[in-house]
Amino acid sequence: MDIVPNDANEVATGLHDQHVSGFYANILLSVLRGLLPVQAVQDVLVRAGETRTLNELELVSTWSSYGQFRRLLEASVQTLDSARQDLTSALASFKYVDDDMGQIIQELGSPREVFISGAGTNPLLPIRRYEMTEVGEREWMIREWFLDGFAPYDDFCRFVAGQYSEIPMFFGLPAAEVVELECQCRGDAACLFRIRWEEADDSVMRADYFEVHNKVLEARLEQLQAMVTDLASNERYEDVLQGIVASSVRAVGAAGVVLALKPRTGSAGKVYAEGLSEADGASIAEDLLGGAERHGVIAVPVESVRRHYGVLAVDERGGVFTSQTQGTLETYARLAAATLDAADAMEDARHQANTAGALLDLSTSLAEIMSTKDMAARVVRAVPQVIDCDRVALFLDDGDWTGADGGELQLAAAHGYPDDAVALLSVRPITETQLRTMREDGIEYTLVSDVGTAAAVAVPICLAGNTIGCILAGVTVNPERLAITSRLSDRLKGLAAQASIAIGNARLVEQIRFQSVHDALTGLPNRALILDRTEQMLARARRAHIPVAALFIDLDGFKEVNDTLGHAFGDQLLQAVATRLSLTMRESDSIGRMGGDEFVVLVDGTTTGAGPELVAERLLSVLREPFAIEGLPNGPLTLTASIGIAAGSRPSPNELLRDADIALYQAKAAGRDCFVVFRPQMHTAVQDRLLLEMDLRDALAHEQYFLVYQPIFDLASGETNGVEALLRWRHPARGVVQPDEFIPILESSGMINDVGRWVLEEACRQGARWHAKGYHLDVSVNVSARQLETDSLIDDVAHALKESGFDAHSLLVEITETAIMKNMDAVVPRLAALKATGIRVAIDDFGTGYSSLAYLQHFPVDTLKIDRSFISTMADSPESGALIHTLVQLGKSLGLQTLAEGIEESSQYSQLEREHCDSGQGYIFARPLEADAVEAFLLARSFGTCSMETAAVPSSIT
């Protein structure tokens, strides 16, 4: 037998037309499941060309087209024939146990009532018509036929006969005798079936009937209990409502169910539908909620003692309904109402919790690290949860306003305003004069608005006695909600007080972050930020094909200025140069200080239109003009500069800056006061570096490395409590090479892993020797980012401790803040594993990273080493001192030790001591010493013959 393909009927009517209810597919598949293995049933679906799953086809709400069901039925018959099974006999002997459909059929009461209900149009099979005639007790004649356009086929007649024989079995009776007297397939106008059944007193069959009936009722009870449990435990009431709708489809035997809800407080109206298209569901909901009657729909109200929520309705098309349908539907409607009651109660509780949470969130924000913009946004979102308002605006000064006349507050964040109102507020600042009109209690109330606000209240935000902003809260309806009461006034002032502290802290953090990527002396971007901007410039050049260039600028003879006039004048000169460069270039060009007297200028687009050489000529000319610095003994100072230029795209920012640096040294060699454009042959310096790298590869094997140790002091007692191990290289030809010359090569080449392992082992061995001699010193060892990236670091530390016998608690591993932030997710677990060995961990160069403050509390560290750049500028301004105070207090609040590095002046030492910084190191105490010299130094200090400031050290190892 061939399975019918897609034919003209199906093409004309559409593949997915609702011709055959899922009720029939459910019966057919139930028979197959009872007779065949699961894989054989799946093969039937494949043979029928089905794209729907078995679970989908078994849903009563899943309709099929004429062609879909015919192919499924014919494939089923073909498979049953192969298994020597007859479809009609299988149906007649099969016990249909679908809980929901079984209950629906049993609720009709008897086979006779089933046949009476099927006369005329069958909603489950709208393409077929029926005439039912009762010809005797327990005997019926049924005449039925397909509508025009739908060809009859023999397998369907066999399927119908099997169904008719099964009907008495739902009521504990034997299967009916079914005879087909006429058939459309044989040319008759219709199919004519005679059906007879017996009222047999078969106790076994009656027991089976009651067993099935009890199973149906038990399943329904379990389903209701599960829904009640879900109602009590599921916070997403939308999911519970959708589950109620889905369950009611099966419970009442409907093809489609819709739950239509009216709008309620905090929630718009909503429609939940199952078995209906979105359009049909929305149409039914609109009619029922609007009070209109809907033909062919059974509807019940969804309401509780609290309120009326909406209606629950079933579409009578494609369903089998009984006298109990209404009651069943009302049960599910009560469940829906209970769900909505619970949702309202939860919403009330949530609102109360949000109010308390908003205040707690603001308090918590004081300890969090975020930008001023983010903090302002958090404040405006919290205000409506503390006071009853619809919209909030937060105005702030520019960060420098002292509260003098003429100052203005600009919009910093808004919540609840439409876009046009936000745009208007953004260009309408609040002046301090306007703030003076506030009442004595600090609250301003107004009913005047041109942005749709019915009433508004404003409260100032003050910091250190100055007004830095204000909070403006408004309502769009019911102005009396913002009537000024003592309760409202207290809440507004509380919000303003917390906002003041939070925004003040955010600004301080922004200042720290700014200083981490800007040069403290000139305010220009530092190396880290210049690298980032170079990368962005190169990306733009690749996208837009625009010319780019980097210009390295070095001041000629600047060392002589420092040596003859002093560092104070040198610093003023660098500031003047930075100002002059900034005034010369466009705002879109980037200018940075790379360190010392070296600056960089990044140019692209129109700036380089005439070539970077002209830009360099202009800069040289500008820098030749005398600098008038106050206090100079001999009048204005004149100097020149040298410039190296690297033009054109590069694979990376480092390569562009490297080439500009190479060209700069060529300009210096060419006599200064000139510029040189980089050419590829200028790689002599790179070649020198390669030679150095080759020598480094033999240095470890030839024992050319050695360690020096810089003492660390307790700032309170002055006692030496530790040393930092520092790597040096004694080159056979060059002598002692400083670490800044060779450690970057070790890092980039990967040799740092082997060398770092040696440093750990040697430092632990030396520490153990000191401990054996009675010098109980902690030993700090720097670990590079490359070492931190490998899993072997933990083993290296454990091996060094075990091999040397050094006390693990006395070993302090230092890791730079940048190394941690580079890959925090991988680094933090390694730090925890390191600490598990018993050692301590310190963050080196603290304060130079981008986001470390936000995550510091998550780092498993013991000590913060405050970067020397903060120490060197701490005496320059009160702001710098405040930053040091903040960093020390931050460490103490987290239970961490603080150590300041680079202490060179007694004033720095004194201020750090006053700030209660725990430890320090620097030239004021001692320069780096070899191991034997450390012992001599400690011995001399113990007899009081060596001062911190005058500790001697050979210049060859510093």
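The structure is a predicted model, in which local features need pLDDT of at least 70 and side-chain atom pairs count only at pLDDT 80 or more, whereas totals for chains, interfaces and linings use all residues. Residues are numbered from 1 along each chain as its sequence is written, and side-chain values use heavy atoms, with hydrogens and water left out.

With a salt bridge taken as a side-chain nitrogen of Lys or Arg within 4 Å of a carboxyl oxygen of Asp or Glu, the count comes to 35 salt bridges. One of these is formed by Arg158 and Asp81, whose closest N and O atoms are 3.9 Å apart. Because Arg158 belongs to helix H9 (residues 154–166) and Asp81 to helix H5 (residues 66–82), this pair ties together parts that are 77 residues apart in sequence; helices (H or I, at least four residues) and strands (E, at least two) are DSSP runs, numbered from the N terminus. Asp81 is partly exposed, its relative accessible area being 42%, where buried means under 20%, exposed over 50% and partly exposed in between (1.4 Å probe, protein chains only).

A salt bridge also links Lys668 to Asp556, with 2.8 Å between the closest N and O atoms. Since Lys668 lies in helix H22 (residues 653–669) and Asp556 in the loop between strand S16 (548–555) and helix H19 (558–565), the parts tied together here are 112 residues apart in sequence. Asp556 counts as buried, at 8% relative accessibility.

Asp604 and Arg586 likewise meet through their side chains in a salt bridge (3.7 Å, N to O), and this pair ties strand S18 (residues 598–604), which holds Asp604, to the loop between helix H20 (567–584) and strand S17 (590–595), which holds Arg586. Asp604 is buried, with a relative accessible area of 9%, whereas Arg586, at 32%, is partly exposed. Salt bridges with shared partners join Arg540, Arg586, Asp589 and Asp604 into one network.

An open sheet is formed by 4 strands in the order S7-S6-S9-S8, with antiparallel pairing; two strands pair if DSSP finds at least two bridges between them. Strand S7 (270–274) and strand S8 (297–303) each have a single partner strand, so one side of each is left without a neighbour in the sheet. Strand S6 (residues 256–261) and strand S9 (residues 308–315) pair over 6 bridges in the antiparallel sense, and Leu261 stands opposite Gly310 in S9. Helix H12 (residues 278–289) packs on the sheet and touches S6, S7, S8 and S9, contact meaning heavy atoms within 4.5 Å.

Methods
Axes are lines fitted to C-alpha atoms, for helices over the stretch in contact, and angles run from 0 to 180 degrees between N-to-C directions.
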